[in-house]
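Visitor: Hi, could you walk me through some side-chain contacts in this one? I'd like to start with the aromatics and then move on to the charged pairs.
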Amino acid sequence: QLKHSNFLRYFNTAAELTGVDLSNICIEITESILMEDFEHAVTLLGELKNLGVSIAVDDFGTGYSSLAYLKKLPVDLLKIDRAFVLELDEMKPHPLIESMIAMGRFMNLDVLSEGVETEIQQKALESFGCKLFQGYRFSKPLNRNDFELWLLERDKKDNLSN
């Protein structure tokens, strides 16, 4: 969709029709898509960023981009691919994951780990400095109605524990 020549026009039209606050939108783009036409991606993502949209690099660590490219992108969030998270089966050093998290933090980016399924994985990632997680440990994918129910249940639990 990002490659389409009228993407920004369609995006703006959809935003106007829905009335969505653009600061609530995060567009995820994979490293491999970024590398197909890097200059176009930088320009387009910069324009989206100027509108208030957040940009995430999805599946970070699995593509072919270099760090030199990463620093040129108007990115807010790095999403560490679940393939790396699956390696976390005990509390021990994992230099590659630790480096990805540290690099993101030093670049003032949020870092999210995908595919977190166990408490051990979450604790290990927290010990490496990761604060954002996604995965079955927290919830399976939900449709809108089920998500709203899930939020209500969490609110009830939080209110009972206070």
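Guide: Happy to. Bear in mind that this is a predicted model. Let's begin with Phe133, which counts as buried because its relative accessibility is 19%, and the cut-off for buried is under 20%.

Visitor: And Phe138, what does that one count as?
Guide: Phe138 is partly exposed, with a relative accessibility of 30%.

Visitor: How many aromatic pairs are there?
Guide: There are three aromatic pairs. One of them joins Phe133 and Phe138: the ring centres are 6.1 Å apart and the planes meet at 25°, so this pair is stacked.

Visitor: What about Phe147 and Trp150, how are their rings arranged?
Guide: Those two are stacked, with 5.9 Å from centre to centre and 20° between the planes.

Visitor: Where do they sit?
Guide: Both belong to helix H8, which covers residues 144–161. Phe147 and Trp150 are three residues apart there, about one turn of the helix.

Visitor: Nice. Switching topic: how many salt bridges does the structure hold?
Guide: Six salt bridges. Among them is the one between the side chains of Glu28 and Lys79, at 2.8 Å from N to O. Glu28 is in strand E1 (residues 26–30) and Lys79 is in strand E3 (residues 77–80), so the bridge ties together parts that are 51 residues apart in sequence.

Visitor: Is Lys79 buried or exposed?
Guide: Lys79 is buried, at a relative accessible area of 3%.

Visitor: Which residues are linked with Glu28 and Lys79 in a network?
Guide: Glu114 joins them: Glu28, Lys79 and Glu114 are linked in a network of salt bridges.

Visitor: Ok, and Lys49, what does its side chain meet in a salt bridge?
Guide: The side chain of Asp76, with 2.2 Å from N to O. Lys49 lies in helix H3 (residues 38–50), while Asp76 is in the loop between helix H4 (67–70) and E3, so this pair ties together parts that are 27 residues apart in sequence. Lys49 is partly exposed, with a relative accessible area of 31%.

Visitor: One more, what does Arg144 form a salt bridge with?
Guide: With Glu148, where the closest N and O atoms are 3.1 Å apart. Arg144 and Glu148 are four residues apart in helix H8, so about one helical turn separates them. Arg144 is exposed at 65% relative accessibility, whereas Glu148 is partly exposed at 37%.

Terms used. Residues are numbered from 1 along each chain as its sequence is written. This is a predicted model: local features need pLDDT of at least 70, side-chain atom pairs count only at pLDDT 80 or more; totals for chains, interfaces and linings use all residues. Side-chain values use heavy atoms; hydrogens and water are left out. Rings of Phe, Tyr and Trp (its six-membered ring) pair if their centres lie within 6.5 Å; planes under 30 degrees apart count as stacked, over 60 as edge-to-face and the rest as tilted. Buried means under 20% relative accessible area, exposed over 50%, partly exposed in between (1.4 Å probe, protein chains only). Helices (H or I, at least four residues) and strands (E, at least two) are DSSP runs, numbered from the N terminus. A salt bridge is a side-chain nitrogen of Lys or Arg within 4 Å of a carboxyl oxygen of Asp or Glu.
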